[in-house]
Every structure is written in C-alpha cells, then in structure tokens.
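Work through the exercises below with the sequence and the model at hand. Try each task before reading its solution.

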Amino acid sequence: MKDLFDGFDNDFSEKPLRERRPGGSFDAISEGIGTVVSAAADCYKTRETEKTRRAEIRSGADERIARLRAQQDSFCKYTEEVFAERRHVIDRAFDSLDKALGQRNENAARDILSFANGVYHKSPLSGMRGIGYNRDEPDDDF
C-alpha cells in the first residue's frame, strides 16, 4: 500500500506541533498578535492623550470666554458712564447758551457754542483704550 505522504518533502511526524499549524509558523502568529496588542495599546494611549488635550482646549476656551465677558461688561459700563457724562455736559452747555442768549451776551454764547462743538467732535470712545482689553496676551487670536 502506498503511503499517503509519498512524494512530499514534508515529514509531519517529526516536526514540532507549533510548526505543523496551518497559516504560518507559531513565531509569525505570535509576532502578529504582538503587533495587534501593541497597536491597541498605542490606540488607547493616543485616545487618552487626545481626551486630555480636548479637556485642556475646553478649559482654555472657558477662560477666554470669561475674559471676553469681563471685557464686554467693562465696555458696557464705560459707554454708559461716558454717554451719561456727555449728555450731562451738553445739557449744561445748552442751559448756559440759553442763559447767555437771554442776557444778549454774544461772547459767552460764542464760547459756549465753541465748547459744545468740541464736545460733539470728540469721540466718546477715544478714552476707551485699555479698558478691560489687553493685546499683550498671546492666546488672543483677535
């Protein structure tokens, strides 16, 4: 009777079990599993790093939003005060103008009109520089 394995170079009976497994040697399979485990560990490490980075970005965004809200509050308070003061100064100037005209004092009327003209032409926002705003901060992208 002919042996079933005649004509083959492989002698399965003498090879160790790890070399008889189909699909590659034990070392290749072991190396493949090691590669998968290493990739999974790298993936987990990257995921944790990115999670930390996202938390830092959110924290930085919260800080910038808080700073912008503080700047907004400063701006609103400043403009309210400046426009209230401006309104008061102009009202007083017109009261004085009415008084000067009632007394027929041309020089006083001219001086008051010149003063009112100066108030009108001066920007109420010119004194705002530096109010709650610091361009020296490197994080600002504005």
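The exercises that follow go from the whole chain to single residues.

The model is predicted, so local features need pLDDT of at least 70 and side-chain atom pairs count only at pLDDT 80 or more, while totals for chains, interfaces and linings use all residues. Residues are numbered from 1 along each chain as its sequence is written, and side-chain values use heavy atoms, leaving out hydrogens and water.

**Exercise 1. Describe the chain as a whole.**

Step 1. Start with secondary structure, where helices (H or I, at least four residues) and strands (E, at least two) are DSSP runs numbered from the N terminus. The protein chain has two helices and zero strands.

Step 2. Turn to burial: buried means under 20% relative accessible area, exposed over 50%, and partly exposed in between (1.4 Å probe, protein chains only). Of the 142 residues in the protein chain, 11% are buried.

Step 3. Take the surface, with areas from the Shrake-Rupley method and a 1.4 Å probe, where for residues only the protein chains shown count as cover. The accessible surface of the protein chain is about 12200 Å², and carbon and sulfur atoms hold 53% of that.

Step 4. Look at contacts (heavy atoms within 4.5 Å). Among contacts with a separation of 6 or more, 64% join residues 24 or more positions apart.

**Exercise 2. Find the salt bridges and describe their residues.**

Step 1. Apply the rule: a side-chain nitrogen of Lys or Arg lies within 4 Å of a carboxyl oxygen of Asp or Glu. The count is three salt bridges.

Step 2. List the pairs. Arg47 pairs with Glu48 at 3.8 Å, N to O. Lys51 also bridges to Glu48, with the closest N and O atoms 3.8 Å apart. Glu50 meets Arg53 at 3.4 Å.

Step 3. Check the spacing. Lys51 and Glu48 are three residues apart in helix α1, which means about one helical turn between them. Glu50 and Arg53 are likewise three residues apart in helix α1, again about one helical turn.

Step 4. Arg47 is partly exposed at 47% relative accessible area, as are Glu48 at 26% and Lys51 at 44%.

**Exercise 3. Where does Arg86 lie, and is Arg86 buried or exposed?**

Step 1. Arg86 belongs to helix α1, which covers residues 26-102.

Step 2. Arg86 is buried and has no salt bridge. Lys and Arg count as positive and Asp and Glu as negative, with His and the chain ends not counted. The nearest side chain of opposite charge is Glu85, 9.6 Å away.

Step 3. Leaving out residues up to four places away in sequence, Arg86 touches Val119, Tyr120, Lys122 and Pro124.

**Exercise 4. Which residues form a nonpolar patch on the surface?**

Step 1. Patches take residues with over 30% relative accessible area and no salt bridge; like charges are joined within 9 Å, and nonpolar side chains (Val, Leu, Ile, Met, Phe, Trp, Tyr) within 5 Å.

Step 2. Ile29, Ile33 and Val37 form such a patch, with about 260 Å² of accessible area together. Ile33 lies in helix α1 and is exposed at 52% relative accessible area.

**Exercise 5. How many disulfides does the structure hold?**

Step 1. The criterion is a pair of cysteine sulfur atoms within 2.5 Å.

Step 2. The structure has zero disulfides. Cys43 is exposed at 52% relative accessibility, and Cys76 is partly exposed at 34%.
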